Amino acid sequence: MTADAAVETIQREMTVFARRARASAARMHPELSLVSYTLLGHLEEVGGCRATDLAAHYALDKSTVSRQVAALERAGLIERRTDPEDHRVQVLHLTGTGTEILAQVTRSRRVAFRERLTGWPEEDLARFASYLLRYNATGTDLAAPGGPAAGPPGR
């Protein structure tokens, strides 16, 4: 396979992957989109952050993040807390319910991935994981001409 054909195949298959990820997110938890799941996961990972930090991290428009944050707040999955070091700043944190739902969806997603990857040799799994890490480490935006993916899948 030529490099051009390989890139075309990668692009096509990544699109299929993103579409499946969005569709499966709805099955995992009907009220939690893939983007919402990703934002909750990041908040858990970093222990809370500002909405502007989420927008910058995922290269999303602030209005997009604002709508997602508002929906997550309405659902009781996140809350705003005043930053103890700067009382002008509001930091987003998971609520107890948010933590529980994130854990539930994460468990379900792991089961689905394990089922899909059943029968893959450990060496192939490790190689696939390292390729995904390498691909996502580039940190440039897909919207930029010729740029690889950045941000949560399915954006």
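# Salt bridges and a nonpolar core

Asp 124 is partly exposed, with a relative accessible area of 30% (buried is under 20%, exposed over 50% and partly exposed in between, with a 1.4 Å probe and protein chains only). Salt bridges with shared partners tie this residue, Glu 123 and Arg 127 into one network. Everything here comes from a predicted model, where local features need pLDDT of at least 70 and side-chain atom pairs count only at pLDDT 80 or more, while totals for chains, interfaces and linings use all residues. Residues are numbered from 1 along each chain as its sequence is written, and side-chain values use heavy atoms, leaving out hydrogens and water.

- Start with Arg 127, which forms a salt bridge with Glu 123, the closest N and O atoms sitting 2.8 Å apart (the rule asks for a side-chain nitrogen of Lys or Arg within 4 Å of a carboxyl oxygen of Asp or Glu).
- Both Arg 127 and Glu 123 belong to helix H6, residues 122–136, and they lie four residues apart, about one turn of the helix (helices are DSSP runs of H or I with at least four residues, strands are runs of E with at least two, numbered from the N terminus).
- Arg 127 also forms a salt bridge with Asp 124, and here the closest N and O atoms are 3.6 Å apart.
- In helix H6, Arg 127 and Asp 124 are three residues apart, so about one helical turn separates them.
- How open are the other two partners? Arg 127 is partly exposed at 35% relative accessibility, and Glu 123 is exposed at 55%.

**Another pair, and the total**

- Arg 50 and Asp 53 bring their side chains together in a salt bridge, at 2.7 Å from N to O.
- Arg 50 is partly exposed, with a relative accessible area of 36%, and Asp 53 is partly exposed too, at 27%.
- The count for the model comes to seven salt bridges.

**A closer look at helix H2**

- Helix H2 covers residues 34–46, and its 13 residues should span 18 Å at 1.5 Å a residue (that is 1.5 Å times one less than the number of residues).
- Gly 47 comes after H2 and has a positive phi, near 75 degrees.

**The nonpolar core**

- The largest nonpolar core holds 23 residues (a core is a set of buried Ala, Val, Leu, Ile, Met, Phe, Trp, Tyr and Cys joined through side-chain atoms within 4.5 Å).
- Which residues have the most contacts inside this core? They are Leu 32, Leu 40, Leu 43, Leu 54, Leu 72 and Ile 78.
- At least two core residues come from each of H2, helix H3 (51–58), helix H4 (62–74), strand S2 (86–94) and helix H5 (96–116).
- H2 gives the most to this core, with six residues.
- Setting aside neighbours within four places in sequence, Ile 78 is in contact with residues including Leu 40, Leu 43, Val 69, Leu 72 and Leu 92 (contact means heavy atoms within 4.5 Å).
- The partners of Ile 78 also include Glu 73, His 93 and Thr 95.
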